[in-house]
Every structure is written in C-alpha cells, then in structure tokens.
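Reader: I've got the model open and want to talk through how it packs. Can you take my questions one by one?

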Amino acid sequence: MSRYFITTPIYYVKDAPHVGHAYTTVNADALARWHRLVGDDVFFLTGTDEHGQKVARAAEEQRMTPLDWTNQLSPRFAEAWAGLGISNDDFIRTTEPRHAAAVGRFLSRINDNGYIYKDIYRGLYCVPCERYYAPDELLPGNLCPDHRIPVEELEEENYFFRLGAFEQPLIDWYAANPDIVLPESKRNEALSFIKGGLNDISITRTSIDWGVRVPWDEKHVFYVWYDALINYVTAIGYGEDEARFDAWWPSVHHLIGKEIIRFHCVWWPAMCMAAGIDPPAHVQVHGWLLLGGDKMSNSSVNRITPAELITEYGVDPLRYHLLRDIPLGSDGEFSAEGISARYNSDLANNLGNLLSRVATVVGSKCDGVGPAPDPSSRLAGVAGEVLVETSAAWEAGAPHLALESTWRLIRETNAELEATEPWKAEPGPLVDAVLGSALEVLRIVAILIGPAMPTTAIEIWRRIGLDGDPADQRLPGAGAWGGYPGGLPVEKGAPLFPRRKD
C-alpha cells in the first residue's frame, strides 16, 4: 500500500470562501478519493490561515479581537467544504496550539542551523498581499500589481532567513527532480526566479502582535507566510510524532494556485532544507478561475460563493463542471452558461438518460430484475480501455481527461442501446444480454465517477440494486467486466438530472 498525502493551500480568512477556493479544494478531494479507490493510504489536509496584519486590521474594523474574528470566519470554510462533500482528513487552523508549537520547533531548528539573523529592514509592503515588493515589481505610483493600491513604506527590526544560501542547492534540487513541480511551465518559472539570484528575506515583524511569537525573542512574531507554510508539517506531527512525520512527509503532494509559486516552489523548499528535512515531493500548480477574464478573489466584486451555485445546480454538477471544464495547470473561464451546457450535455443527456433508459426497459422487459452482463459484449472491450485511460489520467493529475474517458464509455453504451433497440424486442436472452451489459457499464461508471461525483455514484449504485458504497470498491479489480451479478431489483426513480431550460 502506498501513501498519498495531499494538501490544499490554507485559505486566508479575510472573507467567506468563493468558488475559486472551491476549485482547488474539489480537485484535491477528487484526487484523494481516487487514491483511496486504488487502495492507497490517504491523508487529505486543508484549513485556514489566520494570522497577519490584514486579519488584525479587519478585526479592528469590526471591533473584535483577531481571535474572535477568525473564530467567526474559519468555520465558514469548514461548512463550505462539508456542503461540497469534501472528504478531508484534517482541517488545520494556524491559531491552534499544535501549530504554534510546530512553528516554534521548525524555525528554532533553522535558527540553530545558522540560517536566521537579525537586521533592520526597509521596504515597500502591501498589507492585503502580506508581502514586501521590490520597486521594479510595482505599478506606476507605487501601486501593488495585484490589488492596485499604494504600498506602505516600512522600516523595522526583523529577523531574516538566509534564502541566498540556498540558490545553488535549489538549482541542484530542480535538476535532480525534473517532475517535482508541474506543469513544466511553472517549474521553469520557479527555476528562472532562482537563477535570477536570491536575496535573504524578512521573516518576522515587530510592528504587529497577531502571529506566532518567536521563541528566542518575544518582541517578534513570525511573518504570516512563514507561519502558514509550516502547517503542512504541523498536521503530520513534526517535532512531536516523528514516526508519523517520517511516514507521511515523503508522499506529500501540494496543490496550489499559480499566484503562490514563489512561496511554495522557492521559499518553502529552502526552508525545509534549512530545517534539515527533504523539500516537498511534488507541487501541482493550477491556473486561475476567471470570471469575465478577471481572477476571482475575495478582494474583487466578482466572487461567487459555492453555496449559491449548489442551490442553483446541485453539488455534483458543480463538482463535475470544475473538474471537467477547467484543466489543472491552465486558467479557466467560469460561467453559468458553461455549467448549464455541461449539465445538459453530459449529465442529463448522457449519464442521466442512460440510467433512466436502462431502468425503464428492465422494468418493462425483465419485470424490474436486472439480468447479468454478456461476457462477449463489445462494451466489455470498451470498458477495459476506458479503465486503463481513466486510471492513467487520474494518476497524472488530470481529472478532466479521466472524466472525458469515462464519458466515452457512457456514450458508447447509449449508442449500443440505440443500435439494438431492446425496448422494441421481445423479452428473452438477447434483450437480457444487452440490458445486463448496460447495467454492468453503470456499475463500472458508478465506481469511476465516484471521485468526482460521490453522491451520484451512490445513487446509481443503489438504483441498480447493489448494496453499500462504490467508494468501498478497489481498482483495478472492481473494474473488471462481469461484476454485476444479475438478479437484482432495478429502480427507475425520478430523472437523475432533469434537463435545464436556462
């Protein structure tokens, strides 16, 4: 059994979660579910990032303490993920005592190894970004390139991390591990930044109180990004349960948005090296979710909440759209028209129609009892090919290709029914063979779509008379042709996906 440790970024609690957050989290959830399906030991981590000046100022505006403010906001993320059927094993908050302890241990080790020193820092700081900018990175008028607001000029005593000491070790690490960051374009972006020369970076603040205190100097709190990155090791017992940490850390897979490449693909591996642990094993970078060509974010007016979309379309149709239409690694345009089109074409006309058609004809020709599949059916070969293609796509971190392959099996089965027209034939062995094979396809499809559409998978499984949850099956064995036993009651039921008219 292999281990698979997958993480999302921890989300900043400035506001309620939007569908851009959902895009990352649904992808991580689908990958976690797939790896459970193939028998891997999975640990799926998400959570919230709750420190920093931006949170402190927002709390002050609300006349609340930062902790009270974050206690109000963090549950919104947990509730949103529960509503989307997210199967995370842990939800970490950076305000938890376990995290403060891990941060202290991790950065004390870096300090003990000689990679932290104290100096005076002068720089241009964007509060919403929680980061400093070099003058040549700013827009005219000293505006933040992301938020387009003036940056602040700060001068204070800071502790610094000797990032420059890791320029060559990082270059060597990338050379030895060409697939460590995907897609390749993002790997090249990180490597180009490193080869441009690395400067030491500030990692503490004295001008704010809201953060994790520096163990060796209580005047300082750690800069929010350095605190936040360490959550990945906090959750698996760093410095507290070394056996658990050693078991899980080598199998870590970070799923991140492209705006935080520098933090995860430059600073974080260098921090790991400085602390004496291996850098992360894999970083998958995805693009932005766009609305009208602009990035969706908490600071923009174009944010849409997952709850609004669930109310309108349902959980699984939203999950399917995010996974099917926006490939990991690329920017993708999000639109109501896109969801509706995919809903009608793939869900209502293909999958829903297949289930309804088969259940109806089994009711009229087989007295509602599903026959066993035909071992020699043409669909057996198609199902075998689809299983191989779908598995390869999930393993490559390409849910859109996995779902495209699975829908090939659905389309081929609908075409087979159109060609044979069992609804026109007399009951008998030929009708039984066609319908039994279609039911076997539905069994296999229920397993294969489970990572993307878990609730739909369970409903298909139940309607064709099978007990339990398809998520409890194990591939590749459960995907072999012939698993539907026949002799089970098949329920027609209401349309799985009523066609939308918008």
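Reader: Which residues touch the most other members of the largest nonpolar core?

Author: First, the ground rules: this is a predicted model, where local features need pLDDT of at least 70 and side-chain atom pairs count only at pLDDT 80 or more, while totals for chains, interfaces and linings use all residues. Residues are numbered from 1 along each chain as its sequence is written, and side-chain values use heavy atoms, with hydrogens and water left out. A nonpolar core here is a set of buried Ala, Val, Leu, Ile, Met, Phe, Trp, Tyr and Cys residues joined through side-chain atoms within 4.5 Å, with buried meaning under 20% relative accessible area, exposed over 50% and partly exposed in between (1.4 Å probe, protein chains only). The largest one has 160 residues, and those touching the most other members are Phe 106, Phe 161, Trp 249, Trp 268 and Leu 322.

Reader: Which helix gives the most to this core?

Author: Helices are DSSP runs (H or I, at least four residues), numbered from the N terminus. The top contributor, with 13 residues, spans residues 429-449: helix H16.

Reader: What is Trp 268 in contact with, neighbours within four places in sequence aside?

Author: Contact means heavy atoms within 4.5 Å. On that basis the partners of Trp 268 are Phe 106, Leu 229, Ile 230, Tyr 232, Val 233, Trp 249, His 254, Phe 263 and Pro 280.

Reader: How are H5 and H6 oriented to each other, roughly parallel or antiparallel?

Author: Axes are lines fitted to C-alpha atoms, for helices over the stretch in contact, with angles from 0 to 180 degrees between N-to-C directions. H5 (residues 167-176) and H6 (residues 184-195) have axes that come within 9 Å and cross at roughly 155°. Angles under 35 degrees count as roughly parallel, over 145 as roughly antiparallel, 65 to 115 as roughly perpendicular and the rest as oblique. So H5 and H6 are roughly antiparallel.

Reader: And how do H12 and H15 sit, roughly parallel or perpendicular?

Author: H12 (residues 315-325) and H15 (residues 399-420) pack with axes 6 Å apart, at an angle of about 110°. That makes the pair roughly perpendicular.

Reader: Which residues of H12 make that contact?

Author: On the H15 side you'll find Pro 399, His 400, Leu 403, Glu 404 and Trp 407. From H12 come Tyr 320, Leu 323 and Arg 324.

Reader: Is Thr 360 buried or partly exposed?

Author: Thr 360 lies in helix H13 (residues 336-365). Its relative accessibility is 32%, so Thr 360 counts as partly exposed.

Methods: Helix = DSSP H or I, 4+ residues; strand = E, 2+ residues; numbered from the N terminus.
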